[in-house]
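Dear colleague,

Please find below the structure that I am handing over to you. My findings follow it, arranged by topic.

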Amino acid sequence: MQLSRRQFFKVAAGGLTGSSLVAMGFSPTAALAEVRTFKLARTTETRNTCPYCSVGCGIIMYSLGDKAKNVHAEIIHIEGDPDHPVNRGSLCPKGAGLLDFVHSKNRLKYPEVREPGTKEWKRIGWDEAFTRIAKLMKEDRDANFVAKNADGVTVNRWLTTGFLAASASSNESGYITHKVVRSLGMLAFDNQARV
Amino acid sequence: MTNHWSDIKNADVILIMGGNAAEAHPCGFKWVTEAKAKNKARLVVVDPRFTRSAAMADLYAPIRTGTDIAFLGGVIHYLITNNKVHLDYIKSYTDMTFLVKDEFAFADGFFSGYDPEKRKYDKSSWEYQMGEDGFVKTDPSLENPRCVWNLMKAHFSRYTPDVVENICGTPKDKFLQVAELLASSHTPDRVMTILYALGWTQHSTGSQIIRTAAMVQLLLGNIGRAGGGVNALRGHSNIQGLTDLGLLSNLLPGYMTLPGEKETDYDAYIAKRAPKPMRPGQLSYWQNYGKFHVSLMKAWYGNAATKENNWAFDYLPKLDKTYDVLQVFELMHQGKMNGYIAQGFNPLNSFPNKAKVGAALSRLKYLVVIDPLATETSEFWQNYGEFNDVDPAKIQTTVFRLPSTCFAEEDGAIVNSGRWLQWHWKGAEPPGEAKPDPAIMAGIFLRLRDMYKKDGGAFPDPILNLAWTHKLPYDPSSEELAKEYNGKTFADQLDPKDPTKVIKKAGELLDGFAQLKDDGSTACGCWIFSGAWTEKGNMMARRDNADPYHNGQTLGWAFAWPANRRILYNRASADPAGKPWDAKRKQVWWDATQSKWVGSDVPDFKADSVPEDGMGPFIMTPEGVARFFARGAMNEGPFPEHYEPFETPIGVNPMHRNNPKATSNPAARVFKGDMEAFGTAKDFPYAATTYRLTEHFHYWTKHVHSNAVIQPEQFVEIGEALAAEKGIKAGDKVKVSSNRGYIKAVAVVTKRIKPLKVDGKTVHHVGIPLHWGFKGVAKNGFITNTLTPFVGDGNTQTPEFKSFLVNVEKA
């Protein structure tokens, strides 16, 4: 007996379970195979942490694609991590919508520049972006760096460019950001904790 | 948080004030529910609005926004006058017996040393009396009128229930019910936790509100105990980590501080931060400051940091003042800044007085925005009609927008409110050409370094010598960076007890900050994170959720700083003899057979300190005890005092009617022009406050389809009485204006906001959710911070978003 997945569920809903069907001699091989290929079963699970508030709920991200070279993994489902000691599998309305954040149509994809006085973005490459930004920074730093204050004391600070760091980026991003910013002598430096 | 999320279940009483955990931290709030269900805990909520947290409360008390010090001061008065304090705890674990200088005084709203011209205090009188032995003088009999206890009693004697009712608008009987319930936790067998959030920090007196709460918890003996503590529910997923890593104008990683420009001598700079004990037998753990600092400089500058150059002391920029965001945008507004880089941060929406912030950005030469999303800040120059009415042709700022990855597309750790460093893993590639933040920082830095190498320029030394040993210099990995902040040793480390044994081989990762040295033989990028990634592997990635003591202290889950401790100050959970105050709630205790401290948590103490030696549990203070008297640590005084918000609906501080200069925080910094931009109750009669909704997170989820569906359009909440007075019906469009601008939104008329009787006047509140803007998939709306005032807390400069004045009219 061959049953499609839909037929199998119909039969099962009629009062028979899959195992009793098998016991009766019907072997719903195709149907069971269908159940096994339930979409999440073909996904890769990755543990992550909700990036919104500070509860730090554990989440599981399910992505299609086996992480092989040239396979583009795509996250298709996100849910709470039941092993997590704080959220124990639950998510709030914010965390429950994380998938739509990952795939928001307002995600940025390419470096862009808006030139002075214009009203549109222009796509540029990373190399151009980095080089232009570094040039602007160096120009400003070289022109305005304060090596000594009015009393002749070495102060080595750069006040005319500032930096705001992200409160949702990782420790590792934060650490390297701090290291770079201070090496330049910046003091106009804060993160979301200030507000 | 002094404690952590699952620990809330251990509480008997829970006070939520200055926060709304049920809506802003829903999955953390589950532990409140758990405490109620399993521990018969009682929940108290004090808030201007009847929030969803209030809906779950056993007791709700309304309060006028910005008057929390008066309320909590009233609680302190109640605890003292009704003798509801944990006396054995405060006698041994606080400064109550310490004597204060005779010159210290408080009169007419000012503490001693005030300079009204500079709006600043000379804090020299805010100190202890020192004995000839070099230690603070104390009076254990508490008879001396100059002991902290007596000064504190006198200070708070003015905060009677009538005064609380008059200032806060909280009915006296409600206040007394709250005070009585809070007071029930003064016995050793009951514990209260306090949960707060931005509803306390975002006031011109925010830091002092939190201090007052800490004083309440000390009086009740609730600090260091399971189910206790003062718990900041931080607003963002890694705001704790970025604070820990010191990404603030005046900080270095691990709560170390940058030198001021007057600190020209390196040894004095370190010595000032490594204070000697002020009482006999105290640990004063910051005495190790030099080890943390030198190890940081070795992590950053490697071989370029030497003993001879004071570990590259000149590489550190020296402060003339703090460049917090209000200061920076003030300078930008004056045209004194040229460049700005916003990494995952949306200042146009997030900072007060949007008109000023937008004008400031327009005066920049260049702005760089690094973000996963198209933020309003990145398009501050674009005309969005009424939401952003600017002329792009007149704005000469070059704006770069760089796409970064989001959480799902990167490895790394973030630190939750409970100080847990939790590792996460990459699950997909980012869209388009987006890059991780470290790669973007590397891209900019490496080009700058090449330019300085090639062309020279202003003080290139720190740039050229910055340690950059990544396998892929343009793409530093999270693993490399985590190991760098954990720290390593350059030389073999010998066992101090048996110098023939090598406990750490040269080049190995450190086990923790106890192994740090100030001789240049160790490197560590953030001492409090040391232990996060050791030779045993990535401690932050641990996933053992076993809870053998059933107290929620899952020591095998992730890594908590410092040293995997789950509850700070936990030595105070035991009495001076080292026995737990409450046998049912054992945390750490002295084990005489092993001669060491043991417990269900990692003891926050010197492990072999015999109780008889009298070392205090607050090992980070030179006193060894907690301070009721803050000394010079706060800018507006050693004791908290009620001051009105800068925009006050009653126009006077009822505590100091005859001193208009003490109406609002006398030590808060106000820039020229901003004082004039404050409104008064004559034109803007209603007290306004901003907040988050359950369905949205800040300015992100308006980009998220599902959240935009469930909460699509901007609204404001007004009470039925005010709506009736103004002829506003639910669903009407209203215009809400402050002295700085206006927004238009749909009116939600609610029973959740009731008028309060304050100082003989009726005060209405207007509630303004903050989530909208002109970019997103939700319906575009106005930026809420168009309305808010450009003034910050007297210590942290956190803007006063939670208390200001508006008018409301039908649009």
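In this predicted model, B:N83 is found in the loop that runs between α4 and α5 (87-93) of chain B. The phi angle of B:N83 is near 55°, which is a positive value in a residue other than glycine.

The peptide bond that joins B:W561 and B:P562 is cis, with an omega of about -10°. B:P562 itself is placed in a loop of chain B, between β23 (559-560) and β24 (588-591).

Let me turn to chain B as a whole. Its secondary structure comprises 21 helices and 33 strands. The radius of gyration of chain B is 27 Å, close to the 28 Å that the globule rule gives for 811 residues, so the chain is as compact as a globular protein of that length. Taken along the principal axes, the box filled by the C-alpha atoms of chain B is roughly 85 × 70 × 55 Å.

Helix α4, mentioned above, also takes part in a helix pair. How does helix α4 (residues 68-81) of chain B pack with helix α7 (residues 161-168) of chain B, and at what angle? The angle is about 165°, and the two axes are 9 Å apart. Since an angle over 145 degrees counts as roughly antiparallel, α4(B) is roughly antiparallel to α7(B). The crossing of these two helices is left-handed. On the side of α4(B), the residues in contact are B:A70, B:F71 and B:G74, and they meet B:P161, B:V163, B:V164, B:I167 and B:C168 of α7(B). By class, the residues of this contact are 7 nonpolar, 1 polar and no charged.

The next topic is the division into domains. Chain B is split into domain 1 (5-96 + 164-236 + 624-633), domain 2 (238-275 + 286-415 + 420-565) and domain 3 (660-810). Between the C-alpha centres of domain 2 and domain 3 of chain B there is a distance of 34 Å. Where these two domains touch, 21 residues of domain 2 are in contact with 21 residues of domain 3. Which elements give two or more residues to the domain 2 side of chain B that touches domain 3? They are α14, α15 (347-350) and α16 of chain B. The residues on that side of domain 2 comprise 9 nonpolar, 6 polar and 6 charged.

The axes of α14 (residues 325-333) and α16 (residues 354-362) of chain B come within 8 Å and cross at roughly 60°. The helices α14(B) and α16(B) are therefore oblique to each other, and their crossing is left-handed. In this contact, α14(B) supplies B:F329, B:M332 and B:H333, while α16(B) supplies B:K356, B:V357, B:A359 and B:A360. Sorted by class, the contact of α14(B) with α16(B) has 5 nonpolar, 1 polar and 1 charged residues.

With kind regards

Key:
Residues are numbered from 1 along each chain as its sequence is written. Chains are lettered from A and ligands numbered from 1 in the order in which they are written. This is a predicted model: local features need pLDDT of at least 70, side-chain atom pairs count only at pLDDT 80 or more; totals for chains, interfaces and linings use all residues. Axes are lines fitted to C-alpha atoms, for helices over the stretch in contact, and angles run from 0 to 180 degrees between N-to-C directions. Helices (H or I, at least four residues) and strands (E, at least two) are DSSP runs, numbered from the N terminus. Angles under 35 degrees count as roughly parallel, over 145 as roughly antiparallel, 65 to 115 as roughly perpendicular and the rest as oblique. A crossing is left-handed if the near helix is turned anticlockwise from the far one by less than a right angle, and right-handed if clockwise. Two residues are in contact if their C-beta atoms, placed from the backbone, lie within 7 Å. Ala, Val, Leu, Ile, Met, Phe, Trp, Tyr, Cys and Pro count as nonpolar, Asp, Glu, Lys and Arg as charged, and the others, Gly among them, as polar. Domain bounds come from an automatic or database domain assignment. The radius of gyration is taken over C-alpha atoms; the globule rule is 2.2 Å times the number of residues to the power 0.38.
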